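Me: I would like to understand how the words used for a structure follow from its numbers. Could we go through them one by one?

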Amino acid sequence: MGELRTLYPEISENFSKMLKVDDVHTIYYEESGNPNGIPVVFLHGGPGGGTSPAGRRYFDPEAYRIILLDQRGSGQSTPRACLKDNDTWHIIEDIEKIRKELNIDKWLVFGGSWGTTLSLCYAIKHPERVLGLVLRGIFLGRREDIEWLYEKGGVSEFFPEAFARYTSIIPEEEQHDIIGAYYKRLTSENKEVREEAAREWSIWEGSVVTLHPNPDVEESAGEINFAISIATIECHFWMNEMFWGGEDNWLLNNVDVIKDIPTYIVHGRYDVDCRPIGAYELSKKLNNCELDFVIAGHSSAEPAIVDALVRATDRFKEKLK
């Protein structure tokens with residue numbers, strides 16, 4: 001196969017902006033790369049994860065006009081971890097507002113983890129705006145996908161010691177519904193209760209996303225501002241079943257409208273956060289899709305995933321220029 005590709009060199013943004021989208025939320029977005037290049041929008045994971053400058057580096061900056069945004073309540077968007085009107089469809093409206101403000105007709109949509117869920121939702125709602133999809137770590141958002149990670153009987157069996165820590169703050173009588181128990185704490189009026197729950201939720205996730213153990217997981221995933229936004233917003237979405245109106249398999253049930261959009265899926269063969277079966281099931285519903293299982297876990301920083309994503313954006317670059 002040859003040497004693994006790595007991220008493109010660091011670049012600065014051309015500009016950034018805070019866009020007031022309604023009475024509550026203001027969305028951070030930025031542009032980097034070539035202002036006349038192929039437009040691409042980067043949709044981060046979580047929900048609640050936010051972007052970082054590393055998100056610019058999956059794309060050739062001479063070829064791409066790179067748009068990063070922090071979703072509602074995430075990253076530099078304000079107010080942080082706000083749950084009011086924070087749902088899938090409002091986020092898609094925000095993406096459309098940014099596209100229109102930037103006078104972009106169509107763009108490549110690039111998403112990871114929850115960002116794949118959002119990318120697929122966006123494409124289903126606005127297929128005429130999508131040049132193609134680059135998706136990493138497919139999350140279909142079904143109840144089985146959520147319970148696999150956050151309840152007993154799934155990832156808990158691979159990481160029992162980390163799961164024991166995650167559940168240690170929940171009394172035994174509440175452990176039949178761990179997600180609900182966490183939601184009660186994450187929305188508590190007690191700041192210490194909220195922060196403890198956010199930190200433990202985030203550290204649990206951070207403990208399972210890499211192929212090799214991350215020795216810095218407590219420092220990175222446990223950073224309180226990050227932990228509060230990702231834990232609170234994720235739990236909010238899981239409790240509300242992605243705001244799909246009770247249709248558990250909404251994505252696969254509606255994916256037919258995008259079956260011919262060029263799609264490239266990268267998924268870690270040993271991803272226990274988002275199971276490989278979801279990527280496989282999705283790929284079988286698409287006519288113009290390439291699925292690449294790589295030797296990796298879930299994290300976008302895994303070398304094999306970086307390699308596959310950079311190769312994917314380079315292939316789209318040649319296809320779209």
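Me: How many disulfides does the count come to by the rule?

Reply: The count comes to zero disulfides, where a disulfide is a pair of cysteine sulfur atoms within 2.5 Å. Cys235 is in no disulfide, since the nearest cysteine sulfur, that of Cys82, is 16 Å away, and Cys289 is likewise in none, with the sulfur of Cys274 as its nearest at 16 Å. This is a predicted model, in which local features need pLDDT of at least 70 and side-chain atom pairs count only at pLDDT 80 or more, while totals for chains, interfaces and linings use all residues. Residues are numbered from 1 along each chain as its sequence is written, and side-chain values use heavy atoms, with hydrogens and water left out.

Me: What makes Cys235 buried or exposed?

Reply: Buried means under 20% relative accessible area, exposed means over 50%, and partly exposed lies in between, with a 1.4 Å probe and protein chains only. Cys235 has 0% relative accessibility and therefore counts as buried, whereas Cys289, with a relative accessible area of 25%, is partly exposed.

Me: Why is Thr313 called buried, and which residues does Thr313 touch?

Reply: Thr313 has 0% relative accessibility, so it counts as buried. This residue is found in helix α11 (residues 303-320), and, not counting residues up to four places away in sequence, Thr313 touches Tyr58, Phe59, Tyr64 and Phe110, where contact means heavy atoms within 4.5 Å.

Me: Why is strand β4 described as largely enclosed by the rest of the structure?

Reply: Six of the six residues of β4 (residues 64-69) are buried, and therefore the strand is largely enclosed. Tyr64, Ile66 and Leu68 are buried on one side, and Arg65, Ile67 and Leu69 are buried on the other. Helices (H or I, at least four residues) and strands (E, at least two) are DSSP runs, numbered from the N terminus.

Me: How do you know that β2 and β4 pair?

Reply: Two strands pair if DSSP finds at least two bridges between them, and strand β2 (residues 26-33) and β4 have five, in the antiparallel sense. Ser32 stands opposite Ile66 in β4.

Me: Why are α5 and α6 called oblique to each other?

Reply: The axes of helix α5 (residues 178-186) and helix α6 (residues 191-208) come within 8 Å and cross at roughly 135°. Angles under 35 degrees count as roughly parallel, over 145 as roughly antiparallel, 65 to 115 as roughly perpendicular and the rest as oblique, and α5 and α6 are therefore oblique.

Technical notes
Axes are lines fitted to C-alpha atoms, for helices over the stretch in contact, and angles run from 0 to 180 degrees between N-to-C directions.
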